[in-house]
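Here are my notes on this model, in numbered points. Please read them with the structure open.

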Amino acid sequence: MVFLISTLENCFSFLDKIDPNTLFYLLLIFTWLMSLWEHYLSYRQYRNYKRNRTVPPELTDVMTEEELNKARSYAIDKMRYNEIHTIFNEVETTILLLAGVLPWVWRKSGDILTTYNYKNHEILQSNVFILLFMVYSTLSGIPWSYYYHFVLEEKHGFNKQTRIFFIKDTIKKLLVSMVLSLPIASLLLKIIQIGGDYFFIYAWLFITIMSLVIEGIAFIYPNYIAPLFDRYDPLREGELRSSIETLATKINFPLAKIYVVEGSARSAHSNAYFYGFFKAKRIVLYDTLIKGYSLTKAKDDDKEKKTDETSDTPSVEENTTTRRQPSENKKEKTSEDESEAKKKKDKGCEPDEVLAVLCHEFGHWSLSHNLINMIISFLNLFLVFAIFAALFKRQVLYEAFGFSDEQPILMGLFIIFQFVLSPYSELFSFALTVLSRRFEFQADDFAVKLKHGEPLGRALKKLEIDNMSYPFSDFLYAKYHYSHPTLLERLKAIKSKKSN
């Protein structure tokens, strides 16, 4: 480990010879160069959207010219929004850095603590700093988020949330972020302070364990955080549940529970995933993925079933009263359900198609894709912490961003991870994207081998239509950004595997 840190320190020794102002502008210029590259790719994709094209032969059975034009319009609107939002954020960040906002907020955080008789307490000051920026980020992001959901998404029929829901959701996200971020940041800073020469190993172990605890082993996020934002119900008995359990048993998938999340309360987009480690996997399906599925109907059916099972035989008078009311309620509920079903009749997948989508997800599990990604992620985390250990004591980095008299660890983390490691992060992200696309092809192949290729192809087409995805993409934009192959690429691969 000493050799590793010594080698990294030697690699970055050239930084000490650079003037702090020069280093600042070099890092800022590189950030803008990467931004220009991203804008160039977006421009290529935008030109792709603007071309007049007809429905590809692979989709003529499910997509009309009108639906293709709607998908094109949606894609163009999203691209314009993303470009304007991105440029605004880039300009905002540049102005804040040039104006010296980071050291100013850091000093103000110390002043706030001083009023409460806390002086020179770096961890508390770091918490105040994080808190101020979290509140600022939330408030400054509200107009953009509001426009995206209530103008752009609503224009194309995807937004389902109310304004009250939006406000509550925003507050919940801020509070959950505070509850999670502040303690973790405090412990990480403390480890760096007292960890000695090998603090980066302890810091890496700490972040690794916290990632596993929050997202995996302890199920904190899926069981205690996610339900704060969306409703999760067990998938009710029926053909779909039975077929999922049968498939899971066939491939020895350690299935514990199957949930349906009420994604329709937020958006009309669809999704499916599983989580958990070892012998306790949970599957989560969005209700928008399942054709005609309603969580409201499931809840009402359960209530009526329980009422019928627990009620005693009433008197004649009570019998008349109690039987009229449920009948009236049932008519109202039936009307509501019929209305909802009518809206969803052409959306979602049939049971065999949902099963095929899950078979694809089982493929990721069977081929250890999630484990491989996790190992790569943790190895990368170890490397970047080792680089941080070799860099964070260099005064030139702090001076470049306006910290001439002190070296706050939090600022070191921000400067090194956000700016110094930016070239490496771009390359690493691209490599992960390439690997992810390869994994997606392999998971599709897994479904084909289990005789789910045909329904998987149908499901992918329906999801393309339901999510109003434009089937054509610029090849360079797709290679750089898409973690999944395009629909046409996947359909071609599935057809090829089926014919072999």
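1. Glu-66 is exposed, because its relative accessible area is 54% and the cut-off for that class is over 50%. Its salt-bridge partner is Lys-70, with the closest N and O atoms 3.6 Å apart. Lys-70 is partly exposed, at a relative accessible area of 44%. Both sit in helix α3 (residues 65–98), four residues apart, so about one helical turn separates them. An α-helix has 3.6 residues a turn, so residues three or four places apart point the same way. Keep in mind throughout that this is a predicted model.

2. A second pair has the four-residue spacing too. Asp-169 and Lys-173 both belong to helix α6 (residues 163–194), four residues apart, about one turn of the helix. They form a salt bridge, and the closest N and O atoms are 3.7 Å apart. Is Asp-169 buried or exposed? Asp-169 counts as buried, because its relative accessibility is 6% and the limit is under 20%. Lys-173 is partly exposed, with a relative accessible area of 47%.

3. Asp-474 and Arg-44 join their side chains in a salt bridge, 3.0 Å from N to O. This pair links distant parts of the chain, 430 residues apart. Arg-44 is in helix α2 (residues 20–50), while Asp-474 is in the loop between α17 (453–466) and α18 (475–481). Both Asp-474 and Arg-44 are buried.

4. How many salt bridges are there in the count? The total is 13 salt bridges. Side chains of opposite charge can pair when their charged atoms come close. Some of these residues are joined in a network: Asp-352, Glu-353, Glu-454, Arg-458 and Lys-462 are linked by salt bridges. This group deserves a look in the viewer.

5. Next, the helix pair α15 and α16. Helix α15 covers residues 409–420, and helix α16 covers residues 422–449. Their axes come within 5 Å and cross at roughly 55°.

6. Which residues make the contact? On the α15 side they are Phe-417, Gln-418, Phe-419 and Val-420. On the α16 side they are Ser-422, Pro-423 and Ser-425. By type, the residues of this contact are four nonpolar, three polar and no charged.

7. Helix α15 is mostly covered, with nine of its twelve residues buried. Among the buried residues are Ile-409, Leu-410, Met-411, Gly-412 and Leu-413. Ile-415 and Ile-416 are buried as well. Of the residues that meet α16, Phe-419 and Val-420 are buried.

8. Val-384 reaches this region from helix α13 (residues 369–391). Leaving aside residues up to four places away in sequence, Val-384 touches Phe-417, Leu-421 and Tyr-424. Phe-417 is also one of the α15 residues that meet α16. Val-384 and Tyr-424 are 40 residues apart in sequence, and their C-alpha atoms are 9.4 Å apart in space. Val-384 is buried, because its relative accessible area is 7% and buried means under 20%.

9. Check two backbone angles. Lys-451 has a phi near 70°, a positive value in a residue other than glycine. It lies in the loop between α16 and α17. Met-468 also has a positive phi, near 55°, and is not a glycine. Met-468 lies in the loop between α17 and α18. Buried or exposed? Lys-451 is exposed, with a relative accessible area of 73%, whereas Met-468 is buried, at 18%.

10. Finally, the chain as a whole. It has 19 helices and four strands. Of its 500 residues, 44% are buried. Among contacts between residues at least 6 apart in sequence, 78% join residues at least 24 apart. The chain exposes about 27,700 Å², and carbon and sulfur atoms supply 59% of that area.

Notes. Residues numbered from 1 in each chain as written. Predicted model: local features only at pLDDT ≥ 70, side-chain atom pairs only at ≥ 80, totals over all residues. Heavy atoms only, no water. Salt bridge = Lys/Arg side-chain N within 4 Å of Asp/Glu carboxyl O. Buried < 20%, exposed > 50% of the residue type's maximum accessible area, 1.4 Å probe, protein only. Axes fitted to C-alpha atoms, helices over the stretch in contact; angles between N-to-C directions. Contact = heavy atoms within 4.5 Å. Nonpolar A, V, L, I, M, F, W, Y, C, P; charged D, E, K, R; others polar. Areas by Shrake-Rupley, 256 points an atom, 1.4 Å probe, with all protein chains shown as cover.
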